[in-house]
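Dear colleague,

Please find the structure below, handed over for your study.

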Amino acid sequence: MKAQCIVCHERPAAFLCVQCHKPVCDECAFKDENGVFCSRECAARYRSYKQTQRPPVRRRPGGMLKGVIVGIVMAVLAALAAWKLGYLQITP
Ligand SMILES: [Zn+2]
Ligand SMILES: [Zn+2]
């Protein structure tokens, strides 16, 4: 048994609304560049939903940790260099 169109309740559904996932027939389907919708309202809702979604932020996993490690290593190297030069020697 095929799902019936939720708009006209007459014809068998040919699509599922991208927004609400309800079945719609070819006659009642509202189509735009985002896909097939059961109504103009669903298409508008989906459009506004898409606009609120930000593009994924490209971030390497562990990038922050790597930065912390590099910072520690640099601090240790700086301390070692300072010690070698005698800046850290406590002389009376
Ligand atoms: Zn229909
Ligand atoms: Zn819908």
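A residue is called buried when its relative accessible area is under 20%, exposed when it is over 50%, and partly exposed in between, with a 1.4 Å probe and protein chains only. The model is a predicted one, in which local features need pLDDT of at least 70 and side-chain atom pairs count only at pLDDT 80 or more, while totals for chains, interfaces and linings use all residues. Residues are numbered from 1 along each chain as its sequence is written, chains are lettered from A and ligands numbered from 1 in the order in which they are written, and side-chain values use heavy atoms, with hydrogens and water left out.

The first topic is the zinc ion (ligand 1). Its protein donors are the SG atoms of Cys5, Cys8, Cys25 and Cys28, at 2.2 to 2.3 Å. Donors are N, O and S atoms within 2.8 Å of the metal (3.2 Å for Na, K and Ca); water is not among the atoms, so sites may look incomplete. The angles among the 4 donor atoms run from 100 to 117 degrees, and the site is tetrahedral. For four donors, that word requires all angles to lie between 85 and 135 degrees. Along the chain, the donors follow the spacing C-x2-C-x16-C-x2-C. Cys8 lies in the segment before β1 and Cys25 in the loop between β2 and β3 (30-32), so this pair ties together parts that are 17 residues apart in sequence. Helices (H or I, at least four residues) and strands (E, at least two) are DSSP runs, numbered from the N terminus. Cys8 is buried, with a relative accessible area of 19%, and Cys25 is buried at 1%.

The zinc ion (ligand 2) is coordinated by the SG atoms of Cys17, Cys20, Cys38 and Cys42, at 2.2 to 2.3 Å. Its 4 donor atoms subtend angles of 103 to 118 degrees, so the arrangement is tetrahedral. The spacing of these donor residues in sequence is C-x2-C-x17-C-x3-C. Within this site, Cys20, in the loop between β1 (15-16) and β2 (23-24), and Cys42, in helix α1 (residues 40-52), link distant parts of the chain, 22 residues apart. Cys20 is partly exposed, at 27% relative accessible area, whereas Cys42 is buried at 6%.

Most residues other than glycine have a negative phi. His9, in the segment before β1, has a positive phi near 55 degrees and is exposed, with a relative accessible area of 52%. His21 is found in the loop between β1 and β2; its phi is positive too, near 65 degrees, and the residue is exposed at 55%.

Glu27, in the loop between β2 and β3, is exposed as well, at 61% relative accessibility. Between Glu27 and Ala13 there are 9.4 Å, C-alpha to C-alpha, and the two are 14 residues apart in sequence.

Finally, there is helix α2 to consider. Helix α2 covers residues 63-84 and contains Ile72. With 22 residues, α2 reaches 31 Å from its first C-alpha to its last, close to the 32 Å expected at 1.5 Å a residue; the expected span is 1.5 Å times one less than the number of residues. After α2 comes Gly86, whose phi is positive, near 90 degrees.

With kind regards

Technical notes:
Four donors count as tetrahedral if all angles lie between 85 and 135 degrees; four count as square planar and six as octahedral if opposite donors are over 155 degrees apart and all others between 65 and 115; anything else is irregular.
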